[in-house]
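This report describes selected side-chain interactions in a predicted model.

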Amino acid sequence: MSDRNVDMPQNPPTTPETVLFRATLTPYRSLSPRGFAALMMVIVLTSFGCGLLFWSMGAWPIAAFFGLDILAIQLAFRLNYRSGRACEIVEMTDEHLTVRRIAPNGRAEDFDFNPYWARLEVERVPDWGIIRMALASHGRRLSIGSFLNPDDRESFASALSKALASVRHA
């Protein structure tokens with residue numbers, strides 16, 4: 001009997017790695033879409049009222065500038081909300097620490113570190129808190145969470161540091 005008739009699996013089944021840490025970092029936007037609509041309504045009504053006032057006084061070109069103001073404010077908020085679509089996904093298993101950076105246009109970029117060798121570098125200012133964070137390993141540095149506020153940086157740095165320590169001590 002030859003060994004050729006024995007069915008051997010070509011690729012042994014692999015078990016998915018257990019995710020030890022996962023965080024999605026997103027920019028904070030204090031104004032909801034509903035709040036934005038209400039704010040724009042107030043701005044439009046105010047500009048329209050002022051434009052009518054100047055029009056009735058004979059200064060009709062001023063009304064056009066109020067229209068330009070509305071367009072400029074609308075554009076600024078749209079750009080702000082567009083930049084709010086960016087995010088960073090930090091995921092760690094026993095063997096990989098992956099940072100996926102997603103740009104506002106949807107383009108994704110992945111960075112991979114070994115969690116045993118990776119360290120979180122934190123730059124603090126005494127009265128302000130954490131101002132910068134970066135992952136470093138083997139001469140490579142990756143800045144992360146640049147759009148977070150200081151309190152969110154503190155909680156993220158604490159959680160990621162604990163997760164990295166648990167991998168090293170396992």
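## P115 in the loop between β4 and β5

P115 is located in the loop between β4 and β5. With a relative accessibility of 0%, P115 counts as buried, because the cut-off for a buried residue is under 20% relative accessible area.

Apart from its neighbours within four places in sequence, P115 is in contact with M92, T93, D94, E95, H96 and L97, and also with L164, V167 and R168. P115 and L135 are separated by 20 residues in sequence, and their C-alpha atoms are 10.0 Å apart in space.

## Aromatic pairs

Five aromatic pairs are present in the structure. In one of them, the ring centres of F36 and F77 are 5.2 Å apart and the planes stand at 50°, so this pair is tilted. F36 belongs to helix α1 (residues 33–56) and F77 to helix α2 (residues 60–83), so the pair ties together parts that are 41 residues apart in sequence. F36 itself is buried, its relative accessible area being 7%. One aromatic cluster is formed by F36, F77 and Y81.

A further pair consists of F54 and F66, with ring centres 6.0 Å apart and planes at 35°; this pair is therefore tilted. F54 lies in helix α1 and F66 in helix α2, so the pair ties together parts that are 12 residues apart in sequence. F54 has a relative accessible area of 27% and is partly exposed. Elsewhere, a charged side chain is placed over an aromatic ring: R140 lies over the face of F113, at 4.5 Å from the ring centre.

## Salt bridges

Side chains of opposite charge can pair when their charged atoms come close. Seven salt bridges are found in the structure. One of them joins the side chains of R22 and E91, with an N to O distance of 2.4 Å. R22 is in strand β1 (residues 21–25) and E91 in strand β2 (residues 87–92), so the pair ties together parts that are 69 residues apart in sequence. E91 counts as partly exposed, at 26% relative accessibility.

Another salt bridge is formed by D110 and R100, whose closest N and O atoms are 2.8 Å apart. Since D110 lies in strand β4 (residues 108–113) and R100 in strand β3 (residues 97–102), the pair ties together parts that are 10 residues apart in sequence. Both partners are partly exposed: D110 has a relative accessibility of 46%, and R100 has a relative accessible area of 37%.

E154 and R124 also form a salt bridge, the closest N and O atoms being 2.5 Å apart. This pair links distant parts of the chain, with E154 in helix α3 and R124 in strand β5 (residues 119–125), 30 residues apart. E154 is partly exposed, at 30% relative accessibility.

## E88 in strand β2

E88 is placed in strand β2 and, at 4% relative accessibility, counts as buried. The side chain of E88 is joined to that of R101 by a polar contact of 3.1 Å.

Which residues are in contact with E88, leaving aside its neighbours within four places in sequence? They are A23, T24, L25, R100, R101, S143, I144, G145 and F147. Among these residues, R100 also takes part in the salt bridge with D110.

## R153 in helix α3

R153 is found in helix α3 (residues 150–169). R153 is buried yet has no salt bridge. The nearest side chain of opposite charge is that of D152, 8.6 Å away, so the distance exceeds the salt-bridge cut-off of 4 Å.

When neighbours within four places in sequence are left aside, R153 is in contact with I130, I131, M133, G145, S146, F147 and L148.

Note on methods:
Residues are numbered from 1 along each chain as its sequence is written. This is a predicted model: local features need pLDDT of at least 70, side-chain atom pairs count only at pLDDT 80 or more; totals for chains, interfaces and linings use all residues. Side-chain values use heavy atoms; hydrogens and water are left out. Rings of Phe, Tyr and Trp (its six-membered ring) pair if their centres lie within 6.5 Å; planes under 30 degrees apart count as stacked, over 60 as edge-to-face and the rest as tilted. Helices (H or I, at least four residues) and strands (E, at least two) are DSSP runs, numbered from the N terminus. Buried means under 20% relative accessible area, exposed over 50%, partly exposed in between (1.4 Å probe, protein chains only). A charge sits over a ring if NZ of Lys or CZ of Arg is within 6 Å of the ring centre and within 35 degrees of the ring normal. Lys and Arg count as positive and Asp and Glu as negative; His and the chain ends are not counted. Contact means heavy atoms within 4.5 Å. A polar contact is a pair of N or O atoms within 3.5 Å; within protein, one must be able to donate a hydrogen and the other to accept it, and residues adjacent in sequence count only if both atoms are side-chain atoms.
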